[in-house]
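Here is a short report on one protein structure. Keep the picture open while you read.

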Amino acid sequence: MNSTPPHDRLLIIDFGSQVTQLIARRLRELNVYCEIHPFQKVDDAFLARFAPRAIILSGGPASVLDEDAPRPPESVLAAGVPVLGICYGQQVMMQMLGGRVERHGGNAEFGRAFVEPAGAPLDLLKGWFEDGPEQVWMSHGDHVAALAPGFEVFGTSPGAPFAITADPARHFYAVQFHPEVHHTPRGARLLGNFVKLAGFTGDWTMGAYRQEAIRRIREQVGEAHVICGLSGGVDSSVTAVLLHEAIGDQLTCVFVDHGLLRQGEAEEVVSMFRDHYNIRLIAADESERFLTALEGTSDPETKRKTIGRLFIDVFQHYAGRIEGAEFLAQGTLYPDVIESVSFSGGPSVTIKSHHNVGGLPEKMGLKLVEPLRELFKDEVRALGRELGLPASFIGRHPFPGPGLAIRCPGEITREKLDILRKADAIYIDQIRKHGLYDEIWQAFAAILPVRTVGVMGDGRTYDYALALRAVTSVDGMTADYYPFSHEFLSETATRIINEVAGINRVTYDITSKPPGTIEWE
């Protein structure tokens, strides 16, 4: 978000934590405008231009004791604005201000911990400790061993004697835990207290984001034409409607049927956009091209990269038919970005590649427009409601760009895809019939690369095993499995086995994220 909106701004300096964006998410829930920038890009000149009302220093994987450890410029702590250091942010803050940090020496904390109050009341902690110790989420090896001058202790935990520290006179605050994650139940309250102390009025809303996004799109695109990759999912659909509101007939959507869609999905998407929106749409059946290229491919990274390459080829082909096309729009979200590359050039760790992340090859000759790149899924849905998209459509479960390719571990074949489509349709039908669809973040079936022995009637079968997956989540960064009843699972498995030839065994995946991901590949 490199705009200059008429809002007070909070700067989040990123040191590479995988959950840095959750800080921004919590602040947006409080209607506070904020931007994340990696520590490498924050210098004195940047700070002067940005003029933040407050600053948050994120967590990160490094140690402040390492040579060339990440650190912000001295001007951050001399800016005269409230500063909150989180985890690594606390440690680098202490070190820069004259405190001491030590390696853990057996005092590391990872996971749930409980903080007890210490010292006098602190405005940052209003609403805390009313029912005793507060549950927090720790993830640190090093720890603060001596406070910087002016700081006092306001909270302790077994592994962090300086779990909450502050120098109230200078409005410096520091916590060893992560208030931004849901595992710290009252973390949002702490962040709310911080922005109140900083004087934020909460004037940034999704309506404001809509207007700012439209302005940025117009500034970026000018008079050029934009091609939007439309998958029919919530992300690309909100992208398309937002772009259409911004640039009108300068937009052409291209819907690519890559042969990896769910049952009846291509017809549903084309019908909705042609019948309900006056948006130029090219429907391209490229299934043969994609499925031929994927034949014999088992490696999940190769699948993703092959699909990404072919998407680029297809869009390049159709871009050549559209006069003045200079941009390609994608519905990339922040969880895609953080799992693929470090956000905004920061030091976070890559988890997996996404087909629509990482830029475009020079040969394509198109520039990217990604107006949702810094939003979470629930924020995209809020933006969709702001834009007037139907509620039934906004509430659809996420569907990955590579489609059924990553729900088909092992080699992809047309036979396995046909089996998977039928089984997945029955599973979703069951969820809807039982009134559970809106309780679940994402649900799908995955056909496993094994055959198992079974008995049907008096005969032996040797067919595929199917895994069902359903998760609950707030933002897609963490997730837990949905607790279906045994009756539901039994009924659903029976339907699938009876109605889908080629499957004789059904399992249910109860892995959370982490350690797993939501998708199987």
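## Ground rules

This is a predicted model, in which local features need pLDDT of at least 70 and side-chain atom pairs count only at pLDDT 80 or more, while totals for chains, interfaces and linings use all residues. Residues are numbered from 1 along each chain as its sequence is written, and side-chain values use heavy atoms, with hydrogens and water left out.

Helices (H or I, at least four residues) and strands (E, at least two) are DSSP runs, numbered from the N terminus.

What is the order of the 5 strands in the open sheet? The order is 14-13-12-15-16, and the pairing is parallel. The edge strands are strand 14 (280-285) and strand 16 (367-369), and each pairs on one side only. From one strand to the next, the twist averages 30 degrees. Strands of a sheet pair through backbone hydrogen bonds, either parallel or antiparallel. Here, two strands count as paired if DSSP finds at least two bridges between them.

Now walk across the sheet. Strand 13 and strand 14 are parallel and share 6 bridges. Thr 252 has Arg 280 in strand 14 as its bridge partner. Strand 12 is joined to strand 13 by 5 bridges. Ile 227 is partnered with Thr 252, and Cys 228 with Cys 253. On to strand 15: 4 bridges join strand 12 to it. There, His 225 stands opposite Ala 325. Finally, strand 15 (residues 325-329) pairs with strand 16 over 3 bridges. Ala 329 stands opposite Val 369 in that pair of strands.

## Covered strands

Leu 251, Cys 253, Phe 255 and Asp 257 lie on one side. Thr 252, Val 254 and Val 256 lie on the other.

## Helices on the sheet

Helix 6 (residues 234-247) lies across strand 12, strand 13 (251-257), strand 15 and strand 16. Helix 6 runs at about 160 degrees to strand 12. Axes are lines fitted to C-alpha atoms, for helices over the stretch in contact, and angles run from 0 to 180 degrees between N-to-C directions. Contact means heavy atoms within 4.5 Å.

Strand 12, helix 6 and strand 13 make a right-handed β-α-β unit. A crossover is right-handed if, with the strands pointing away from the viewer, the path from the first strand over the helix to the second runs clockwise. Strand 13 pairs with strand 14, and the chain crosses between them through helix 7 (residues 265-276) in another β-α-β crossover, also right-handed.

## Helix 5

Helix 5 (residues 206-221) lies across strand 12 (225-230), strand 15 and strand 16, at about 170 degrees to strand 16. Its 16 residues should span 22 Å at 1.5 Å a residue, and the end C-alpha atoms are 22 Å apart, which agrees. The expected span is 1.5 Å times one less than the number of residues.

Buried residues of helix 5 include Met 206, Tyr 209, Glu 212, Ile 217 and Val 221. Among the elements that cover the buried residues are strand 2, helix 6 and helix 11 (377-387). Just after helix 5, Gly 222 takes a positive phi of about 65 degrees.

Most residues other than glycine have a negative phi, and most peptide bonds are trans. Asn 31 has a positive phi, near 60 degrees. Asn 31 sits in the loop between helix 1 (20-29) and strand 2 (33-38) and is partly exposed at 28%. Asp 68 has a positive phi of about 60 degrees, and at 73% relative accessibility it counts as exposed.

Which peptide bond is cis at Lys 513? The bond joining Lys 513 and Pro 514 is cis, with omega about -15 degrees. The bond from Pro 514 to Pro 515 is cis, with omega near 15 degrees. Pro 514 is found in the segment after strand 20 (503-508).

Notes
Buried < 20%, exposed > 50% of the residue type's maximum accessible area, 1.4 Å probe, protein only.
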